[in-house]
Amino acid sequence: MKRLLIDSSFFQTRIVLAQDDEPIEMFYESKKQKSIVGNIYAGRIVSVLKGMQACFVDIGEEKNAYLPLGGQKKIKANSTMCVQVEKDAYGQKGAVLTDRISFTGTFVVLIPNDKGFGISKKITDQNERDRIFNIMQEIVPDGFGLIIRTEGFGKSREEFKKEIDELILSAEAVEKADFIKAPCLLRSDDDTVIRAIRELFTSDVDEMIINDTHYYDKALKSIRQYPEKIKLYEQNIPLFEYYGIESKLEKLYQNKVWLKSGGFIIIEQTEACVVIDVNTGKFTGKKDIQETFLKTNLEAADEIAHQIRLRNLSGIIIIDFIDMKYSENREILQKRLENDVKHDRIKTTVVGMTKLGLMQITRKKTSIPLLMQMSDSCLCCKGRGFVPSAEYTAGKVLREIVSLFSSTLFRKVTVSSNKYIISALSVNNRAYINEIENKFHAKIVLKEIDTAAFDYVDIEKSASEVKYRTDKKN
Ligand SMILES: [Zn+2]
């Protein structure tokens with residue numbers, strides 16, 4: 001049973017393609033569903049705030065929206081104008097509007113009465129930026145500016161062109177819209193979700209289940225095939241939980257994926273490429289070791305093809321399979337992998353083994369990997385994956401204290417930090433601390449704070465001398 005499950009909640013929309021309740025592909029969009037940001041309205045001016053260079057506009061929402069004006073514009077109450085929402089209503093405040101309209105597609109934002117183009121800073125790969133730059137130089141339409149969104153990553157000239165043409169049509173439609181009916185909605189852009197549904201809802205999908213009436217209606221309207229397969233989910237238990245998918249998706253955050261045989265794979269995503277390491281589990285003893293290696297590698301190949309698709313990994317993918325002695329086995333493995341990636345709707349090529357025995361795969365880049373979409377950089381290590389060790393930090397703290405005692409009159413410090421750094425100081429450096437205390441006739445007090453962050457160190461200094469230390473030695 002192949003299902004397309006659409007879970008749309010207040011904050012985000014997730015679409016999972018599942019084969020027998022095993023997720024095989026996923027789409028994620030974190031946009032507040034109730035958000036009206038980006039919507040374009042024919043608004044009616046309710047009142048003009050002369051002193052504030054702003055006006056209140058009725059856009060048909062509960063609260064009148066606020067439109068700051070750029071000085072020179074003359075606007076009269078009860079007139080109509082085209083406005084776009086910049087910020088959602090919040091608390092007592094209505095939505096904030098702009099009269100500088102733009103049209104957001106999946107890959108680009110089109111800005112009428114503008115020129116030139118910019119590329120999202122989130123696309124960091126210089127080659128990709130150059131590639132997009134070259135395409136844009138050719139296709140930026142006259143009279144419009146463009147912003148290339150992060151989703152533009154990897155898109156072809158044709159894909160860009162098609163979307164730009166669609167957006168130009170939308171812009172023209174808005175321009176020609178009938179303002180007599182104001183306030184009214186002229187355009188809303190939740191098209192990305194519908195577009196993803198359209199791509200994933202292929203003829204072999206048995207049913208599409210949507211937990212949200214808005215997208216259910218929209219899907220029925222915009223997807224003209226198999227309406228009998230489109231179903232609204234109305235139960236209380238969350239949709240993905242009902243199909244046993246939620247817990248499986250949690251694993252997307254883990255680098256390690258277990259194989260049934262007891263082996264596992266480790267997936268590392270770097271800026272340059274994806275590296276996947278295959279590891280054997282415990283050896284089963286007397287059995288032929290080469291046979292075991294092949295079996296584990298084949299199982300890993302299946303899982304890797306599955307994970308590449310689910311995680312939307314792309315670009316160069318390098319797999320370090322377990323080394324196998326016989327070339328026949330290596331051929332069997334490559335054939336298996338080639339067969340596995342055939343199920344992917346995104347073009348994936350098994351290039352073959354390098355001289356060092358690493359398997360190379362390339363997969364067309366269509367959007368950024370799922371993990372990146374669903375993650376922020378680690379607040380502790382800023383994404384490096386490492387933080388200074390407690391031991392290293394302890395050494396640094398003691399150097400600072402020595403420097404303080406030798407160049408000032410302060411003779412007492414209180415070091416407050418987390419238990420790891422305090423224990424690195426009090427246990428591993430006890431002798432050195434005693435030495436410093438004796439040498440400078442000073443006192444170092446250590447204070448453990450339960451709630452201290454991993455890198456929190458406070459050195460509080462005071463002048464108080466510690467008399468008893470002076471009598472002890474010398
Ligand atoms: Zn980290």
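I started with strand 18 (residues 274–279) and strand 19 (residues 315–320), which pair in the parallel sense over four bridges. Strands here are DSSP runs of E with at least two residues, helices are runs of H or I with at least four, and both are numbered from the N terminus. Two strands count as paired if DSSP finds at least two bridges between them. I looked up Asp277 and found its bridge partner in strand 19 to be Asp320.

Note on provenance: this is a predicted model, in which local features need pLDDT of at least 70 and side-chain atom pairs count only at pLDDT 80 or more, while totals for chains, interfaces and linings use all residues. Residues are numbered from 1 along each chain as its sequence is written.

I read six strands in an open sheet, order 16-17-18-19-21-20, with mixed pairing. Neighbouring strands are turned by 20° against each other on average, direction ignored.

Then the helices. I see helix 7 lying across strand 16, strand 17 (264–269), strand 18, strand 19 and strand 21 (359–363), at about 35° to strand 17. Helix 8 packs on the sheet too, touching strand 20 and strand 21, and its direction makes about 170° with that of strand 20. Contact means C-beta atoms, placed from the backbone, within 7 Å. Axes are lines fitted to C-alpha atoms, for helices over the stretch in contact, with angles from 0 to 180 degrees between N-to-C directions.

How do the axes of helix 7 and helix 8 cross? For helix 7 (residues 289–311) and helix 8 (residues 327–341) they come within 9 Å and cross at roughly 15°. The two helices are therefore roughly parallel to each other, the label for angles under 35 degrees. Among the contact residues I noted Leu294, Leu298 and Ala301 of helix 7 and Ile332, Leu333 and Leu337 of helix 8.

Strand 1 (residues 2–8) and strand 2 (residues 13–19) pair in the antiparallel sense over seven bridges. Within that pair I located Ile6 opposite Ile15 in strand 2.

Methods: Angles under 35 degrees count as roughly parallel, over 145 as roughly antiparallel, 65 to 115 as roughly perpendicular and the rest as oblique. Two residues are in contact if their C-beta atoms, placed from the backbone, lie within 7 Å.
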